[in-house]
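Here is a short briefing to read alongside the model. Have a look at the sequence and the 3D view first, and then we can walk through a few spots together.

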Amino acid sequence: MSRVCHAPRCREALLALAVISLSAPASARVFETVAVRGAEFIPEEDIRMTCGALPGVDYADYELRAIEDCLMSTGAFEAVSLSPEGEALVIEVAEIDNRPGRIEAAVSYVSDAGVVGELSFEQYNLFPGTYGALHLSFNAEVKALEAHLYRADAFSETLDFGIDLVAREAHLDDTNYSERGVRAEPYLAWTPDEDARLELGLGWRSYRMYDVDGAASALLLREETGEISAPYLRMSAVYSGGRGGDDEAVGALEYGLRLDHYLWNIGTGEALSDSRLEASVTQPFGGSYRLLGTVRAGSVTGLNGNDTRAVDRFFPGADSFRGFAPRGIGPRDGDDRLGGNSYLVGSVEVQRDIGKLLSLPMQAGLFVEAGSAWGLDDTLNGAIDDDWHMRASVGLSLSFEVANTPVSLYVATPLREKSGDKTQAIGLSFTTRF
């Protein structure tokens with residue numbers, strides 16, 4: 001909501017309040033607190049501030065009625081009532097559902113997936129107080145479906161509840177196998193403040209690695225499997241801080257950290273421990289410059305002496321390691337990319353606003369990235385090199401918008417590579433929505 005009272009009815013109500021306050025004696029009352037009930041979408045602080053319902057102020061009955069009229073005049077509420085409860089002033093509101101759902105179609109292009117068609121649906125109050133979303137993406141190689149339900153403040157003001165459903169099938173043209181997986185996860189989210197978030201999910205996953213080509217690596221042939229179906233546990237921590245939306249703090253440091261840990265296939269001989277980290281920092285300087293730093297890392301291992309499979313391992317490349325192709329680095333056997341049990345990629349970029357080109361605001365950047373993917377449980381008796389081998393790249397980036405469509409383009413070249421790596425000089429991403 002975040003607005004002051006400008007509507008004609010609101011101005012009339014405030015004018016009436018001013019006139020009455022000068023002409024009519026009344027017994028005023030001071031409230032120690034002002035509470036808001038019934039708000040689902042509009043921040044409570046905005047409701048308090050919009051028409052001046054503040055603690056520590058003398059209010060007569062006619063002034064409370066004027067505040068009710070003022071809030072109603074915003075057009076955001078079906079009903080508003082103000083009433084005292086002890087030392088508190090309670091604002092009871094019934095919001096107008098002004099957040100209807102939307103259906104959106106899009107065509108995206110990303111470096112590691114090519115052209116992708118997308119179809120999305122989202123609806124606030126799909127069920128009372130519950131947000132729902134559905135997203136479908138597809139092309140010749142990958143098809144994915146995601147569905148989400150989320151209810152804020154489901155159990156308390158800081159404890160939310162959600163359900164995720166994800167299904168994916170992939171037949172990538174540069175791999176000699178196919179994969180398919182479905183998982184469903186109810187979870188709790190604790191948000192002690194606006195910068196921190198902890199999640200705990202307990203779900204069920206079913207997946208398989210199949211159709212391995214007979215000419216593929218002997219390791220991939222060993223890893224082919226039928227359906228593996230079992231429960232899993234997820235623990236996540238997210239923290240962000242710095243400037244946020246504070247316009248007075250432009251130039252301040254922004255930072256974010258996300259940690260995810262999965263225990264896959266609980267109760268089976270295929271149990272896995274999977275940890276992932278992503279950290280970022282942004283520091284504006286010199287007016288039109290920004291320094292960006294990111295680190296992404298992951299590690300997966302079997303918990304019962306079991307080996308990981310290609311569908312469990314990490315494949316950095318393309319947008320996640322600019323200068324290298326999708327699945328372009330890491331252990332390999334012949335032409336088969338095997339992924340790594342561990343990976344680490346760091347990036348440092350300096351961006352600058354370069355003004356308008358062809359009437360389009362643009363940002364240009366210079367970046368350096370370094371990292372690797374390494375580690376296998378089975379190296380076919382030492383035939384596969386799974387050691388750490390440092391890779392590095394340098395490049396230029398360009399970001400702009402065309403008809404409200406964000407476009408990101410980069411040109412990169414390896415500074416350090418290993419024989420057999422697949423490189424990629426140009427990357428492009430955009431999404432056109434309908």
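Does Arg205 count as buried or exposed? At 11% relative accessibility, Arg205 counts as buried, where buried means under 20% relative accessible area, exposed over 50%, and partly exposed in between, with a 1.4 Å probe and protein chains only. Please keep in mind that this is a predicted model, in which local features need pLDDT of at least 70 and side-chain atom pairs count only at pLDDT 80 or more, while totals for chains, interfaces and linings use all residues. Residues are numbered from 1 along each chain as its sequence is written, and side-chain values use heavy atoms, with hydrogens and water left out.

**Arg205 and its surroundings**

- Arg205 is found in strand β12, residues 196-210; strands (E, at least two residues) and helices (H or I, at least four) are DSSP runs numbered from the N terminus.
- Not counting residues up to four places away in sequence, Arg205 touches Val182, Arg183, Ile228, Ser229, Ala230, Tyr232, Trp264, Asn265 and Asp312, with contact meaning heavy atoms within 4.5 Å.
- One of these, Asn265, is 60 residues from Arg205 in sequence, yet their C-alpha atoms are 7.6 Å apart in space.
- The side chains of Arg205 and Tyr207 are joined by a polar contact of 3.4 Å; the term covers a pair of N or O atoms within 3.5 Å, where, within protein, one must be able to donate a hydrogen and the other to accept it, and residues adjacent in sequence count only if both atoms are side-chain atoms.

**Gly226**

- Gly226 sits in strand β13, residues 225-242, and counts as partly exposed because its relative accessibility is 39%.
- Leaving out residues up to four places away in sequence, Gly226 touches Tyr207 and Arg208.
- Gly226 and Tyr210 are 16 residues apart in sequence, with 7.0 Å between their C-alpha atoms.

**Helix α3**

- The 13 residues of α3 (61-73) should span 18 Å at 1.5 Å a residue, and the end C-alpha atoms are 19 Å apart, which agrees; the expected span is 1.5 Å times one less than the number of residues.
- Buried residues in α3 include Leu64, Ile67, Cys70 and Leu71.
- After α3 comes Gly75, whose phi is positive, near 80°.

**Val281**

- Val281 is found in strand β15.
- At 34% relative accessibility, Val281 counts as partly exposed.
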